[in-house]
Amino acid sequence: RRKRRLDAAFTPLGLEGERYMLTGRQYRGTIEGRQARVLFYRGPMLELHLSTPLQTRFGVAEVGSTTPALAHLFGRDPLDLDDPDSGGLRVYALDESWARSLLAAADARRLIKRLLTGGGGWALVKQVVLGPGSFRLRLYRSKHLFKYEITPEDAQQWIDDLLALAQTAEGLPAPTLTDEESTGERLVRSGGAVRVGLLIVALLVGVPTCVLAGAAAVFFVWTIQ
């Protein structure tokens with residue numbers, strides 16, 4: 001039932017669905033020349049990724065829904081925002097000057113607020129995050145245990161807004177403070193094949209065997225690639 005509902009939401013976008021890890025789903029494809037990926041897994045956690053040439057870090061969430069993980073990701077305090085139109089937001093950025101330029105654009109503020117307050121009312125935590133090479137919307141945890149709804153209309157609006165936000169951000173002067181994709185980010189972007197292999201080994205034969213089996217899993221993935 002969950003597979004049917006997720007397929008109905010994301011396959012109309014031109015994305016192809018498949019199993020992710022053991023119980024999740026992922027969708028991949030190209031949208032307006034950009035690589036797109038959607039992940040859904042236990043939490044519930046929904047992540048929409050859209051590629052961008054930008055290589056900096058920027059994160060925003062509503063006040064009260066910011067998780068410690070977001071602050072830890074940037075390793076710094078949120079920006080002090082004087083703009084009343086950006087009130088109610090927690091903003092973290094590697095390049096603070098660039099982030100302020102982005103938030104000064106009325107279209108960017110409108111898109112970010114709609115991504116954080118629009119569809120997905122079931123989510124306790126909503127974040128818009130820019131990492132090296134990827135804009136993403138992250139929705140995490142349900143307000144009503146396992147009750148959540150992801151509609152085709154929500155999916156289309158999220159993608160449209162992420163596309164428009166990426167175009168606005170890319171139209172600004174390039175950020176001067178940049179970063180590279182982390183190992184974990186590369187793993188997620190590549191599909192997490194090694195992680196899935198290690199998880200399956202852990203479930204089947206136990207954690208102590210994983211260290212030895214991990215090398216075999218890495219070699220297997222390298223071979224098939």
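Is Asp 77 buried or exposed? Asp 77 is exposed, at a relative accessible area of 61%; exposed denotes over 50%, buried under 20%, and partly exposed the range in between, with a 1.4 Å probe and protein chains only.

Before I continue, a word on the basis. This is a predicted model, in which local features need pLDDT of at least 70 and side-chain atom pairs count only at pLDDT 80 or more, while totals for chains, interfaces and linings use all residues. Numbering starts from 1 along each chain as its sequence is written, and side-chain values use heavy atoms, without hydrogens and water.

Asp 77 sits in the loop that links helix H2 (68–74) to strand E6 (89–93). Helices here are DSSP runs of H or I with at least four residues, strands are E runs with at least two, and both are numbered from the N terminus. The C-alpha atom of Asp 77 is 7.0 Å from that of Tyr 92, which lies 15 residues away along the chain.

The largest nonpolar core has 45 residues, of which Phe 10, Leu 46, Leu 48, Phe 58 and Ile 150 touch the most other members. Such a core is a set of buried Ala, Val, Leu, Ile, Met, Phe, Trp, Tyr and Cys residues joined through side-chain atoms within 4.5 Å. Helix H5 (residues 152–170) supplies the largest share of this core, eight residues. Apart from it lies another core, of five residues, including Tyr 92 and Phe 74.

Leu 48 has contacts (heavy atoms within 4.5 Å) beyond its neighbours within four places in sequence, among them Phe 10, Trp 158 and Leu 162.
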